[in-house]
Amino acid sequence: MGTAEGVLQVFSGVAPRNLCSDPSSNALGLAYSFNSRLISTKRSASKKIKIPVYASIPLSNSEAYGVQGFGGSSYKDRSIDRLKFSSCRCQRAESVGGTNTGSWFVDSADDLNPLNTLVNGPHVLNFDDVKQLKEEKTDSISNGAPRASSTIHRANVDPIEEEAWDLLRDSVVYYCGTPIGTIAANDPTSSNVLNYDQVFIRDFIPSGIAFLLKGEYDIVRNFILHTLQLQSWEKTMDCHSPGQGLMPASFKVRTVPLDGDDSATEEVLDPDFGEAAIGRVAPVDSGLWWIILLRAYGKISGDLSVQERIDVQTGIKMILKLCLADGFDMFPTLLVTDGSCMIDRRMGIHGHPLEIQALFYSALMSAREMLAPEDGSADLIRALNNRLVALSFHIREYYWIDLRKLNEIYRYKTEEYSYDAVNKFNIYPDQIPPWLVEWIPNRGGYLIGNLQPAHMDFRFFSLGNFWSIVSGLATVDQSHAILDLIEAKWADLVADMPFKISYPALEGQEWQIITGSDPKNTPWSYHNAGSWPTLLWQLTVACIKMNRADIAAKAVQIAERRISRERWPEYYDTRRSRFIGKQARLFQTWSIAGYLVAKLLLADPGAARILITDEDPELVNAFSCMLGANPRRKRGRKNLKQSYIV
C-alpha cells in the first residue's frame, strides 16, 4: 500500500464528526487534526445535559497524522495522549457566541445524509425543548427511528425476545450523545465490576448483528469508525509496542475533568489493547471481527461509503499487514499466544488455534471483497490470495478428523524424513486420547483445536468449527459432517443449555499442568468445557448455511426454557450444564444478543447472507492443484525482484 492510502481524512465545515456525534461523514481531506474535539461540559449550576456543539479548529503541520501502509511510510506521531485524542466536548451556546441566550446548539439527524456526507449548520433550540429532545434521543438508538415504532409488531413478539431487546437497549453505551456500543454485562447483583462495564470488540459483534438485522445501523457505523480511531493509538507495555494495526480488546467511555476548568468535564474513549487485561495478552481476534462486522454492515445497509473511506481502507490494510507479515513459521496459520481470542485465559491453545484460523480466513475473504482496486493494493491482494489458498489447504487437510482419519493416525509411522512423508508433523499415535476412540461417531467429524509439530489438540472447539462452516474454510462435506457430529453428540455438546465452548474438559493433572490450576477454569466450567449461550448465533448461521436450521431451532428451544428465568447468565457449569456458572455474570450482553440474533435469523434465514462466505471457484481450483503438486517442484532459490546491499 502506498503512502496515499495511509493518510486519514480532514473534516471541513462544521465539525470533526468522526470523533463525535456522527463519525460517518466523509470528506476529501488528507489530514486529521487531533486537537479537534467536542466538549461535553457539565456546569455545576446547570442541568447535566450532553448536546453537542461543533467548533472547527485549524490544523497545524505538526498535528497532521500519517498512517503506515503496506510497505509505506511509518506513523508520524506514535505518542498520542489517549485521553486527549478521542474526546467529546459540548458547550452552552453562550460560550460560543458570547451571548447568554439560554439556548443549546444541537445537531438534527435530518441534516446528516451518511451517503453523501452533507452536514448542514446547527439549529438552535430553546432550553425548555432540551429535555424533550433528550428523551426522544434516548428512545432512538439509530436512524432517527423512535423505539415506540416497534410497538406495532410487539404483539407478535415472544415475551422472552421482548425482554431481551429491552435488556440489550439498556446496555447501550453513548459517547457524545450517540450510541457507540454495548457494555459486556449489566449485572446489578455483582459489586465487583472489573472490566464488564467496558465495550469489548468481540462481545459487541452479536449486539451489532442484532441491531443490523433490526434495521438500526447507526450504532454499528459509530462503533466501526470509533474503534478505527483507536487502532492508531500508542500501545506500549514495558517499553515494547506491538505491531501497528492492532485493534483494542475493549474501550470505556470515561468522564474526566476538562483541562483548565474544574467546573467542566469531557468524555474520552479509553481503550485497552491488553496492557490491563488479565495475563496481558493482545487480542488477535479483535481486528478480524472488526473486518467481518464491516462487511456485514455494508451488505445489509447498502451503505458502501463507509468501507470506501480512505481511513477505513487504510485500517483494513493495516490489519492485513499485521496478519500477513513474514515470520519464521512454516505454516500458513497464524501463530498466537494462549488467551488471544474468546478463550482469553490459559487453556493450552497457544500455537495455531482453530478459532483464530477460522476468523483469519473469514477476515481475508471479507477484506478481498472490500479492498478498493488500485495500484497500491496489488501486492497486498496477491499476498492475501496466496494465503487463502495455503490456509484452506492446510486446515482442510491436516485439521480434519473423523473415524477414518483417526484410524490412519493410529497407524502412523514416526520419524519420517522425506518430502513425501505421510506423517508430516511427526504425530505419535499414542497421543490419541482414550476418550476420543469411544467418542468419535461412525458418521461425522470435526476440525481439531490445534496442530503443531508432534502435537494435535483433539478437543472439539465450537466457535472454530462453527465459523469454519460459515466462512467456507471447511468443505461442504466437512461442514455437513460437523453438523452430523453435533447431532450425534447432542447430549455432550448441548445437554441442558447450548453450547459447550470446548469438549471435553481438562481434568486432574492435565488441568493442573495446562491451566496452571486456574480456579476459574475448573473442569466443566468457564472456558474449560463450560456452556456459553452466546454461541447460539454462530451455530444458527452455520446451520442456515447448510440448510439444516432445525438443529439451531432445537438448541434455541432448549435455551428458552431457562435463560430468561435465570437472568441471562454468561455461562453454565457441569457436564450437562445444569448450574449457572460459579463466577458467571448475570444479564451478560452477548448472551442476550446471541439469543436475539439466533431468533432473528431463524425467522429470516436469508439475512444470514451478510455473514456467510462461499467457496471461491478460483480457490477451489488452486486447492485442487495443490493436492496434485510435487512437493519438490518449487524448491530452489526464489527469483527476488529486489536487490539488497549487505
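Colleague: How do you know that the span of helix α15 agrees with its 13 residues?

Modeller: The expected span of a helix is 1.5 Å times one less than its number of residues. For α15, residues 476-488, that gives 18 Å, and the end C-alpha atoms are 18 Å apart, so the two agree. Helices here are DSSP runs of H or I with at least four residues, strands are runs of E with at least two, and both are numbered from the N terminus. This is a predicted model: local features need pLDDT of at least 70, side-chain atom pairs count only at pLDDT 80 or more, and totals for chains, interfaces and linings use all residues. Residues are numbered from 1 along each chain as its sequence is written, and side-chain values use heavy atoms, leaving out hydrogens and water.

Colleague: Why is D484 called buried?

Modeller: Buried means under 20% relative accessible area, exposed over 50%, and partly exposed in between (1.4 Å probe, protein chains only). D484 has 11%, so D484 is buried. Other buried residues in α15 include Q478, L483 and I486.

Colleague: What makes D484 and R443 a salt bridge?

Modeller: A salt bridge needs a side-chain nitrogen of Lys or Arg within 4 Å of a carboxyl oxygen of Asp or Glu. D484 and R443 meet at 3.7 Å, N to O. The pair links distant parts of the chain: D484 is in α15, R443 in the loop between α13 (434-439) and β12 (445-452), 41 residues apart. Salt bridges that share partners join R443, D484, E487 and R548 into one network. R443 is exposed, because its relative accessible area is 62%.

Colleague: How many salt bridges are found in the whole structure?

Modeller: The search finds 19. In one of them, K252 pairs with D197, the closest N and O atoms being 2.5 Å apart. K252 lies in strand β9 and D197 in the loop between β7 and β8, so the pair ties together parts 55 residues apart in sequence.
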